[in-house]
Amino acid sequence: MASNTKPPETKVQIRLSTRHLDLKFSEDPGAVLVPTSLRRLQLSRLVNSFLQTSTPLPFDFLINGQFLRSSIDDFLTQNGISAEITLNVEYTPALVPPVHVASF
Amino acid sequence: FTHLDATALSPGTARDLWLYHELTTHSLSQQLTEHLRLILAPTLATKLRGDFRTGKRLNLKRIIPYIASSYKRDKIWLRRSMPSKRNYQVMIALDDSRSMKESGVENLALKTLTLVTRSLSMLEVGEVSVVGFGDHVTVAHSFDKPFTSESGVRVFEQFGFQAAKTNVRGLLERSLSIFSESRHRGASYSGEDLWQLMLIVSDGICDSHAEIQRLVRRAEEQRVMIVFIIIDSSTPASQLSTSILDLQSVEVLPEGKVIRWKYMERFPFRYYLVVQDVKELPSVLAGALRQWFGEVAGSI
Ligand SMILES: [Mg+2]
């Protein structure tokens, strides 16, 4: 039975912030507990759910000044950060918009 | 000369801290002791039972067979059964993970540990053990030794709140096997009821809730009671941390839907209490234990 159980999920507390005044949450949710399996796309959806926007906006994320290009889990491992610590995660409008290329 | 774990409290610090907490929780320990004395002592059995030759009241069901047997089957009396003496094994499991330090609750957690161990040793209701958990489980004080002030100092030396994980699932697996071994050893108290109780002292943040729920059910089957004491960080001094009562938990479904809920709404332990000030502990802990004994007494 132990052999086919999936690896234990890990969670980490994050605190979301932004430098863009127009993109701040109307109410600070404080720390939020998220699975470390989240990537940019899912975090983007989370921010949109807090912003309650009618049209979702794509976001990029910075942790300790570095762009998140992997899952949070991989980021923590690569940077030797413990999931026991609350992460400060900065969100900023994504530089490259997702696939909305006009057809020629 | 001996290996000292650099992350744990130094012997000097451990001693000073233990003595400080012992002193500052003195009257609270007495309060808790009084509460526990009332709860943990056996309740008076009011049931009448048995077939005896003498007793308190006649068992009416035995009267006709008694006459029919020409007064030979004369065990026609009921007696008030005496409650058997209860013995306890109480394990206190203290969270040694780094989040305890990050959220600034480690001191309140050590104070809680002091308060509870002092009260239990004053009560003399049984055996006390202390374990630490983080990545691994360490037995800081085992059931077979009496818990003295010196034990408290030794226990404190084993905590540093540096563990990189909070493995509550591992804690439950290990502690249930310790309880099961200790129950067999404790079987030498013949005729006495052995009750096993586990108090988890932690900031309450843990993963693998489904696995934990399964183990909590197994604990109930093994008649091990678990009370989770959450040391909450929302004291005025730590404005930066979020109270566990306000903490939101999040899941993002594969199709992108975001689900948010209050973390405590799905907390996997049935009996828990949230403590922000150690002064609240005696009455709140007593309340949880009273509720549990009320439910268990109704079921046996
Ligand atoms: Mg922790």
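At what angle do helix α1 and helix α5 of chain B pack, and how far apart are their axes? Let me start there, friends, and then walk you around the rest.

A word on ground rules. This is a predicted model, where local features need pLDDT of at least 70 and side-chain atom pairs count only at pLDDT 80 or more, while totals for chains, interfaces and linings use all residues. Residues are numbered from 1 along each chain as its sequence is written, and chains are lettered from A and ligands numbered from 1 in the order in which they are written. Helices (H or I, at least four residues) and strands (E, at least two) are DSSP runs, numbered from the N terminus.

Back to the question. Helix α1 (residues 11–24) and helix α5 (residues 106–123) of chain B meet at about 65°, and their axes are 9 Å apart. Axes here are lines fitted to C-alpha atoms, for helices over the stretch in contact, with angles running from 0 to 180 degrees between N-to-C directions. The crossing of α1(B) over α5(B) is right-handed, the term for a near helix turned clockwise from the far one by less than a right angle, with anticlockwise being left-handed. On the α1(B) side, the contact uses Leu17(B), Trp18(B), His21(B) and Glu22(B). From α5(B) come Leu110(B), Lys111(B), Thr114(B) and Arg118(B). Contact means that the C-beta atoms of two residues, placed from the backbone, lie within 7 Å. By type, the residues of this contact are three nonpolar, two polar and three charged.

Buried means 20 or more other C-beta atoms within 10 Å of a residue's own, exposed means 12 or fewer, and partly exposed lies in between, with C-beta atoms placed from the backbone. Just after α5(B), Glu124(B) has a positive phi of about 55°.

Now for the sheet. Chain B has an open sheet of six strands in the order β6-β5-β4-β7-β8-β11, with mixed pairing. Strands β6 and β11 (272–275) of chain B are at the edges with a single partner strand each, so one side of each has no neighbour in the sheet. Neighbouring strands are turned by 25° against each other on average, direction ignored. Strands count as paired when DSSP finds at least two bridges between them.

Which strand would I point you to? Strand β4 (residues 86–95) of chain B runs parallel to β5(B), joined by eight bridges. Along that pairing, Tyr88(B) is opposite Gly126(B), and Leu94(B) has Gly132(B) as its bridge partner. With β6 (residues 137–141) of chain B, β5(B) makes four bridges in the antiparallel sense, and there Val131(B) is partnered by Val139(B). A hairpin of three residues links β5(B) to β6(B).

On to chain A. It has two helices and five strands, following the pattern β-β-α-β-β-α-β along the sequence. Of its 104 residues, 25% are buried.

How do the chains meet? In chain B, 20 residues are in contact with 20 residues of chain A. Elements giving two or more residues to the chain B side are α4 (98–102), β9 (248–252) and β10 (258–262), and β9(B) has the largest share, five residues. That side divides into six nonpolar, eight polar and six charged residues. Strand β2 (residues 32–35) of chain A pairs with β9(B) in the parallel sense over two bridges, and Leu33(A) is opposite Ser249(B).

Asn64(A), in the loop between β3 (59–63) and β4 (66–67) of chain A, has a positive phi near 50° without being a glycine. Tyr71(B), in the loop between α3 (63–68) and β3 (77–80) of chain B, has a positive phi of about 65° and is not a glycine either. Asn64(A) is exposed, with 11 other C-beta atoms within 10 Å, and Tyr71(B) counts as exposed with 9.

Notes. Ala, Val, Leu, Ile, Met, Phe, Trp, Tyr, Cys and Pro count as nonpolar, Asp, Glu, Lys and Arg as charged, and the others, Gly among them, as polar.
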